[in-house]
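This briefing covers one protein chain, shown below. It goes from the chain overall to individual side-chain pairs.

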Amino acid sequence: MFIDPQQFGKVGFAPFEAVTAAVTSATQGFWAVTTEAAGYSQKSVANVFSFGEKLSRARKIEDIIQLNSDFAKVTFDDFTAEVTKIGGIYADMANQTMRGAKPEFSVRPLDESVTNAPRPVSPRKQEATAANSS
């Protein structure tokens with residue numbers, strides 16, 4: 001029941017350290033997402049300029065249609081790959097953040113009996129109910 005004097009100074013630090021670890025992990029994850037998004041933006045802009053150059057050199061309508069089709073396919077594939085990569089970064093960030101916070105902040109799972117329990121009636125509703133029944 002009593003805390004050992006050597007442990008007394010550390011009692012309040014465990015939640016603080018867990019929050020600090022979670023915030024640090026989240027910050028690193030957001031930094032990784034930002035870096036990845038910036039790299040994708042640069043690549044995307046370069047692809048658009050390259051497409052514009054190729055399109056300006058095309059002379060036949062078939063070439064223009066083929067260039068547009070190829071550009072759309074490459075752009076869609078790059079976007080899909082990037083979204084998948086960023087989604088993975090977010091998932092890793094969430095796992096790392098929660099892994100650090102789990103031991104200190106355990107969440108009690110909802111019990112079905114608690115969620116289905118009747119909610120308390122507000123005092124005004126109780127007064128109104130009492131006045132109507134009289």
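Of the contacts in the chain with a separation of 6 or more, 77% are between residues 24 or more positions apart. The model is predicted. It has five helices and zero strands, and 11% of its 134 residues count as buried.

**Overall make-up**
- From the N terminus on, the order of elements is α-α-α-α-α.
- The chain exposes about 11300 Å², and carbon and sulfur atoms supply 63% of that area.

**Aromatic pairs**
- A search of the whole structure gives three aromatic pairs, among them Y40 with F79 and F51 with F71.
- The pair of Y40 and F79 is tilted, with 6.5 Å from centre to centre and 55 degrees between the planes.
- Y40 belongs to helix α2 (residues 13-57) and F79 to helix α3 (residues 61-101), so this pair ties together parts that are 39 residues apart in sequence.
- F79 has a relative accessible area of 45% and is therefore partly exposed.
- F51 and F71 form a stacked pair, at 4.2 Å centre to centre and with 15 degrees between the planes.
- This pair also has one member in each of two helices, F51 in α2 and F71 in α3, so it ties together parts that are 20 residues apart in sequence.
- F51 counts as buried because its relative accessibility is 16%, under the 20% cut-off.
- F71, at 22% relative accessibility, counts as partly exposed.

**Salt bridge between helices**
- The count of salt bridges comes to four, one of them between K43 and D78.
- In the bridge of K43 and D78, the closest N and O atoms are 3.7 Å apart.
- K43 lies in helix α2 and D78 in helix α3, so the pair ties together parts that are 35 residues apart in sequence.
- K43 is partly exposed, its relative accessible area being 44%.

**Salt bridges within a helix**
- R57 pairs with E53 in a salt bridge whose closest N and O atoms are 3.5 Å apart.
- Because R57 and E53 are four residues apart in helix α2, about one helical turn separates them.
- R57 is exposed, with a relative accessible area of 57%, whereas E53 counts as partly exposed at 47% relative accessibility.
- D77 and K73 form a salt bridge, and their closest N and O atoms are 3.2 Å apart.
- D77 and K73 are four residues apart in helix α3, so they too are separated by about one helical turn.
- D77 is partly exposed, with a relative accessible area of 37%, while K73 counts as exposed at 55% relative accessibility.

**Other positions in helix α2**
- S25 lies in helix α2 and counts as buried, at 13% relative accessibility.
- Leaving aside neighbours within four places in sequence, S25 is in contact with M93, Q96 and T97.
- A37 is also placed in helix α2, and at 31% relative accessibility it counts as partly exposed.
- Not counting residues up to four places away in sequence, A37 touches E82 and I86.
- A37 and K85 are 48 residues apart along the chain, and their C-alpha atoms are separated by 9.9 Å.

Terms used
Residues numbered from 1 in each chain as written. Predicted model: local features only at pLDDT ≥ 70, side-chain atom pairs only at ≥ 80, totals over all residues. Heavy atoms only, no water. Phe/Tyr/Trp six-rings, centres within 6.5 Å; stacked < 30°, edge-to-face > 60°. Buried < 20%, exposed > 50% of the residue type's maximum accessible area, 1.4 Å probe, protein only. Contact = heavy atoms within 4.5 Å. Areas by Shrake-Rupley, 256 points an atom, 1.4 Å probe, with all protein chains shown as cover. Salt bridge = Lys/Arg side-chain N within 4 Å of Asp/Glu carboxyl O.
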